[in-house]
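Please read it beside the sequence and the model.

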Amino acid sequence: MARSNEVNLNECKMVVPLNTWVLISNFKLAYNLLRRPDGTFNRHLAEFLDRKVPANANPVDGVFSFDVLIDRATSLLCRIYRPAMAEEPQPNVAELEKPVAAEVVPVIIFFHGGSFAHSSANSAIYDTLCRRLVGLCKAVVVSVNYRRAPENRYPCAYDDGWTALKWVNSRPWLQSQKDSKVHIYLAGDSSGGNIVHHVALRAIESGIDVLGNILLNPMFGGQERTESEQRLDGKYFVTLRDRDWYWRAYLPEGEDRDHHACNPFGPNGRSLEGIKFPKSLVVVAGFDLIQDWQLAYVDGLKKAGQEVKLLYMEQATIGFYLLPNNNHFHTVMDEISKFVGSGC
Amino acid sequence: MVLYDSGRLAGSCSGSGSSSSSSSKPPPPSLQKQQDIDGLLAGAGYKVRSSELRKVAQRLERLETAMVNSPADFSQLASDTIHYNPSDLASWVDSLLSEFAQPPTCPSEFIMDPVTNQTVVNDAWTTTNSNMPQVHQNICYEQQSLNNQLTVVTAMEEDSGIRLVHMLLTCAECVQRGDISLATSFLEDMQGLLTRVNTVCGIGKVAGHFIDALSRRIFQGIGGGSISGGSAYENEILYHHFYEACPYLKFAHFTANQAILEAFDGHDCVHVVDFNLMHGLQWPALIQALALRPGGPPLLRLTGIGPPSPDGRDSLREIGLRLAELARSVNVRFAFRGVAASRLEDVKPWMLQVNPKESVAVNSIMQLHRLLGSDSNLNSPIETVLSWIRSLNPKIMTVVEQEANHNQPGFLDRFTEALHYYSTMFDSLEACTVQPDKALAEIHIQREITNVVSCEGSARVERHQPLAKWRTRLSGAGFRPLHLGSNAYKQASMLLTLFSAEGYVVEENDGCLTLGWHSRPLIAASAWQAVSDAPAEFPAPDTHRPG
C-alpha cells in the first residue's frame, strides 16, 4: 500500500530499460541531495556532479560544435552545433561561422531541461541530444546556457532565451540562401519547453519570425492538484513535492503556481486568440505526472485557434528521449524531423 | 575575440575525424566490449559496466528507500559527504550507501527457487526491449574521448580579426611546408593588418605575440632563440605577477595543498618536495593549515628545487629562511633544503635526502611537461624522473599542468592549438585591472607562446599535454589516481567567486579538477600515488581518499 510520497519502485522498473532506469534514478537521487528544504540549492555539488563535455570543432559523426559568448554581462554562452560539410571533412577553424550553404537551413534554438535549476548546455545528456537533432533535421542547433534558479528567478531564463533569439536572428551566416532570413525553430524539454513558449510569446510583436515550437515534456503547472498529479505522484521518478520545490525556486517570491509563467492558460494567462503564434509540436509522456497541465496547454492553444500537434506517448516516462533505446524515442525523433522539414 | 583551439587542420591528416597524429586513440570497440562499458550511459558521462548495471540499480533502490524512510539522515548525507568521481557511478552509489550504513534489507528481488534451493534474481526490469538493436552504443563512447578535443570559445568578432586568424594559420602552414618566402610575405601583410585591429585587447593583442613568435622562428631559426630570454630572477618576477593577476596559479596551489594536507593526515614527519620553488608562494598556506590541524602540526621538511643563482646569491636559501620564519611564528617545526639545478632532469633522488620514516609529497606545478623533449633514444627524462619519484614511495604526488596539446609533432597543429589556448587565456586576463600585475603577467604568457612557436628540440620546454595524456602516462608509469573530491571543488569554486571575475569555471573531470575560462579548461590539477604492484589496466575505482 503506497502513500503518495512513498517511493513505489516496482512500477517504473517495468516500463524502462535497465540503463535508462539507472540513469534517471541516479538523477533523482542526486537532485534530492541538492534541493534543500529551505529552498536553497547546493550549486557547488550540483556542478561537481553534473557530467559535462567540452565542445569539439572536429566533427564527430558529422557534427562539430563550438561555444560562443553572446552576452558578456550575463556570461551567456551558447553552444552551436553544425553539420560538417561532406566535401570538407575538417572545418577550417577560421571559418566556424561560415555561412550556411543550403537553400534552406533550419536553425533550432534549444533550451535544455532541468526544472530551471539543473543541467547546462554542456551537460553530456544534452550535448548528445543536440548532436542528434543536427543529423535528424539537417539543422544548426544553438543550445542556450540560460541562467538557472534559485539564484536567478523568473524572468531570467526567458530574458536569456530572448537574447539568444535576437542573436540568432541577426547572424548573417545563419541565413538561408533562399530568402536571406534565419529559419528559426524553438525547442526544449521540461523547463526548456516552458521557456520555448514564453520566448515565442515575447517574439510576437518583435518582427522576428519563429517557424515552430517543439515542446518535449514541457514543464507547466498550477495551483490545483490535477488527477494525473495525484495518480502518478512518486510512481515514475517524479514527486509533486519536488515539482512544487522547483516552482518555488523559479517563480518570484510570494507568487503561486497560477503565475502565468507556470500556468500560461490559467487565471493570469494571456489570450492567444488572433495572435500570430508559431505552430507547436507538443510531446507528452503517459507516465509524466504533470500531463494534465501539458494537455491543458495543448487545449489552450487549440481554443485560441493556434496550430498544434499533440504526440501522446502512452508508455513513456520522463527522460525517454535521452537514450535511443526505446520506441518512443524513435517515434518522437521522426515527428520532430517532419515538423522541422515541412513549411520551412 | 576569436578564440579557437585545434587538434588538426585540413590537409595534415586524412581519415575520420577522431584520429590524431600524436594523441592516443580512444579504446576501440573491442576494448570497450572487453571493459564491458554500457555505451549509452557512457554517452551521458557515466562509466558503468554492463555486468554491474543490475547491482548499481539495486543499490540505487536501497538508497531511495533509505531516503524515504529517514529524510533527516539523508539531508545530513547531502551536506556532510564528500563526493568523488561521479562518472564512476557504481563507486559513487556505494560510497553513499556506506555513509548511510544501511542495515542489509532483505532484497525482495531475490527469491528462493523451491526446487533447486538457489537464489534466483527476480527480473523486475523489463525485458521487452531486449530486442532493440544495440547499434548506438559504440558511437557514444567515441564522443567521450578527449584526446582530440578541438575546443572553441568565440565572442563577437570583426572581419579583420577573422582575417588575421586566417592569415596566421596560413602563414604557419607555410612555415610547416618550408615555404619561407611565402611565409615572410604573410608576415608583412599581417603586420599591416595589425594596425587596423585593436591591439589593446582581444584578438589583436594575442595575434601580435604570435606574429612575433613566427618572425622569430623564421628569421632566427629554431635553435636560435634562447629558452625564455630571461634570467631566473626575471622569470620569478614574471611568475609572481602572473600569480597575482589571475587565479590559475592560486588554484593550482590551493588544490595541491588540499590534497597534500589530506594525505598527511595522521603523519608526524612529513616532507614536501617542490619541483619549482619560485618565491615559495604555495607554502605559507600549507604551513598555516598544518599549524591549525587538529592534534597539532607535524615536523615539516620542505625541499625546494630551483635554478642556481648566477651571482653567488643563494636565492633558494633566502626563500627558505622566510618560510622558516613564518613556520616559527605559528609553531610548526620546519626545516628547509634548497636543491639548485638548471633542469629537473639533473636532479638525482639522493639530493633530496628523503628519510625512509617520513611521509613524502612530491609537488609539480607545470614542471613535468618540461621533461618530455628527448634528443636521444635513451630513457627520456620523463621516464627517469617518474621512476625515481616512484622509488621515493610518496604518499602523494600533486601534478598541475596546462590543459593543452602543445607537444604535437606537427608545427601547424601545435600553432593552431596554441593560438586558441592563449587567446582564451588572454581573454580571461582582460578581467584583471591591476597593474603592473597584468602587464607582467602578459609578458610571462608571451614567453610561453614564444617557446611553443619558435623553439624546437631541447630549447622547446613548454611541451604541454592534456590531462588525458598525463593520465595514460602516469598510470603506465606505476601511479594510480587519488581523486579530488567535492570539498576541494567547492572551496576552489568559492575562492574564485570571492577573488576573481565572472567567467572562471572549475570543473570536475574524472577525479581531477580543471580551471578554465567559460567552457574552456586551461589548467588541470590531479593527485597520484605510487602503486606497489604492476599498474592495472583499468584504474581501480574503489580508492577515493588519499593517504
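UniProt positions are given in the numbering used here, feature names are shortened, and annotations may be inferred rather than shown by experiment. This is a predicted model, in which local features need pLDDT of at least 70, side-chain atom pairs count only at pLDDT 80 or more, and totals for chains, interfaces and linings use all residues. Residues are numbered from 1 along each chain as its sequence is written, chains are lettered from A and ligands numbered from 1 in the order in which they are written, and side-chain values use heavy atoms, with hydrogens and water left out.

1. An unreviewed UniProt entry assigns "domain: Alpha/beta hydrolase fold-3" to residues 108-321 of chain A. Over this range the chain is 33% helix and 17% strand, and the C-alpha atoms at its ends are 17 Å apart. Helices (H or I, at least four residues) and strands (E, at least two) are DSSP runs, numbered from the N terminus.

2. A:Ser190 is found in the loop between strand S5 (183-189) and helix H6 (191-203) of chain A.

3. Is A:Ser190 buried or exposed? A:Ser190 counts as buried because its relative accessibility is 14%; buried means under 20% relative accessible area, exposed over 50%, and partly exposed in between (1.4 Å probe, protein chains only). Leaving aside residues up to four places away in sequence, A:Ser190 touches A:Gly113, A:Gly114, A:Ser115, A:Leu216, A:Asn217, A:Pro218 and A:Met219. Contact here means heavy atoms within 4.5 Å.

4. Overall form of chain A. Chain A has 10 helices and eight strands. Its radius of gyration is 19 Å, close to the 20 Å that the globule rule gives for 344 residues, so chain A is as compact as a globular protein of that length. The radius is taken over C-alpha atoms, and the rule is 2.2 Å times the number of residues to the power 0.38. Of the 344 residues of chain A, 65% count as buried. Among contacts in chain A between residues at least 6 apart in sequence, 75% join residues at least 24 apart.

5. Confidence. The predictor gives the complex an ipTM of 0.91 and a pTM of 0.80. Chain B has a mean pLDDT of 80, with 77% of its residues at 70 or more. In chain B, pLDDT is below 50 over residues 102-147, a stretch with 82 contacts in the model beyond near neighbours in sequence. The term pLDDT denotes the predictor's confidence in each residue, from 0 to 100.
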